[in-house]
Amino acid sequence: MAFEPPQRLVRALGETAPSGDDWLEKLPEVAQQAVDLRELTVERVQVPGGRSSLVVLVRRADGTPAVLKLAPRRARPESERAALARWGGLGAVQLAEPFAAEGVLVLERLHPDVSVRSLPEAKALLEAAGTLRRLWVEPPGDHAFETVAERTGRQARVMRDSGGGGGGGGTEVASLVSAALEAREALLAAPPEVRLLHGTFRQSKVLAAERVPWLAVGPDPVVGECAFDLARLVRDRVEDLIATPSGASTTRRRIKRLAESLDVDQERLRGWTLFRAVESGVRALRVGRPRDAELLLEFAGWL
């Protein structure tokens with residue numbers, strides 16, 4: 001079959017692709033080789049799919065349903081493999097293939113079209129938070145995972161270089177950038193714990209499963225404090241929050257509820273939520289997504 005990458009993947013990788021990167025052009029050939037090597041039967045490419053990888057629904061040689069995932073090196077697929085191996089299926093999708101192949105993962109099949117976002121908001125947050133808690137384990141002693149300090153350090157440098165917005169926004173954006181950078185410095189001074197984190201956790205990353213009701217997928221793992229991981233969940237369904245007159249107060253209640261339910265310091269959660277929202281907003285401005293930037297920076301202003 002033709003392994004045509006979904007448009008969402010094409011757009012997302014186009015925003016981050018370094019000059020001369022030809023991963024998307026080679027993708028159909030690489031996908032076919034991965035299928036042939038493993039004697040997989042292809043059902044369909046998952047659409048709209050993810051923003052950093054091609055996801056293909058397949059069956060293994062013995063008929064077992066599985067997922068073939070192919071990702072470029074910059075999406076850190078080997079880091080994802082290491083995290084999934086560490087979790088061993090507890091709270092997250094399981095590896096279905098024991099051997100490693102660069103940029104190729106074979107995973108157990110979940111229900112790709114049913115995420116926790118299908119639930120009412122309060123129930124969705126509860127189920128997502130419960131799933132996330134199971135992922136917060138001690139990292140291996142010899143791990144090579146990126147740390148929160150390293151990842152946010154790279155992001156902070158880009159935010160500073162953007163001049164407070166990189167494409168518009170003026171004084172208000174510059175003020176948010178300054179506040180976010182100050183929050184990061186204070187948070188890194190004394191992290192309360194060090195855990196293996198999902199890294200990009202949100203409701204759409206939690207899919208219905210057979211082994212247990214819900215399992216996490218698509219980590220970009222990082223090692224650091226739990227509040228960093230929870231911060232992305234705070235702004236889930238941000239477009240709905242912005243459209244609601246009580247959005248700001250709802251956000252504050254959400255921070256309080258999530259912090260209490262997962263034993264995370266409320267102020268640290270607020271600080272990381274601010275940093276991650278501003279970082280995402282500035283990045284959206286930089287790559288030409290002004291509507292997304294507007295939503296994220298308005299949300300950050302509530303914090």
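The model is predicted.

**Exercise 1. Determine which elements the buried residues of α2 pack against, and describe the geometry of this helix.**

Step 1. The partners of the buried residues of α2 are α1 (7-16), β1 (41-45), β2 (54-59), β3 (65-70) and β4 (104-108).

Step 2. The residues of α2 that are buried are Trp23, Leu27, Ala31, Ala34, Val35 and Arg38. In an α-helix there are 3.6 residues a turn, so residues three or four places apart point the same way.

Step 3. Helix α2 covers residues 23-38, 16 residues in all, and reaches 21 Å between its first and last C-alpha, close to the 22 Å expected at 1.5 Å a residue. A bend of about 30 degrees occurs in α2 at Glu29.

Step 4. Glu39 follows α2 and has a positive phi, near 55 degrees.

**Exercise 2. Describe how α7 packs against α4 and against α9.**

Step 1. Two packed helices are described by the angle between their axes and the distance between the axes.

Step 2. For α4 (residues 121-135) and α7, the axes come within 11 Å and cross at roughly 160 degrees. The pair is therefore roughly antiparallel, a term that applies to angles over 145 degrees. The crossing of α4 and α7 is right-handed. Leu125, Ala128, Ala129 and Leu132 of α4 make the contact with Asp229, Leu230 and Leu233 of α7.

Step 3. For α7 and α9 (residues 247-261), the axes come within 10 Å and cross at roughly 140 degrees. This crossing of α7 and α9 is also right-handed. The contact is formed by Leu230, Leu233 and Val234 of α7 with Thr251, Arg254, Ile255, Leu258 and Ala259 of α9.

**Exercise 3. Is Pro245 buried or exposed?**

Step 1. Pro245 lies in the loop between α8 (238-243) and α9.

Step 2. The relative accessible area of Pro245 is 87%. Exposed means over 50%, so Pro245 is exposed.

Definitions and conventions: Residues numbered from 1 in each chain as written. Predicted model: local features only at pLDDT ≥ 70, side-chain atom pairs only at ≥ 80, totals over all residues. Heavy atoms only, no water. Helix = DSSP H or I, 4+ residues; strand = E, 2+ residues; numbered from the N terminus. Expected span 1.5 Å × (residues − 1). Bend = angle between axes of the 7 residues up to and from the residue. Buried < 20%, exposed > 50% of the residue type's maximum accessible area, 1.4 Å probe, protein only. Contact = heavy atoms within 4.5 Å. Axes fitted to C-alpha atoms, helices over the stretch in contact; angles between N-to-C directions. Parallel < 35°, antiparallel > 145°, perpendicular 65-115°, else oblique. Left-handed = near helix turned anticlockwise from the far one by under 90°.
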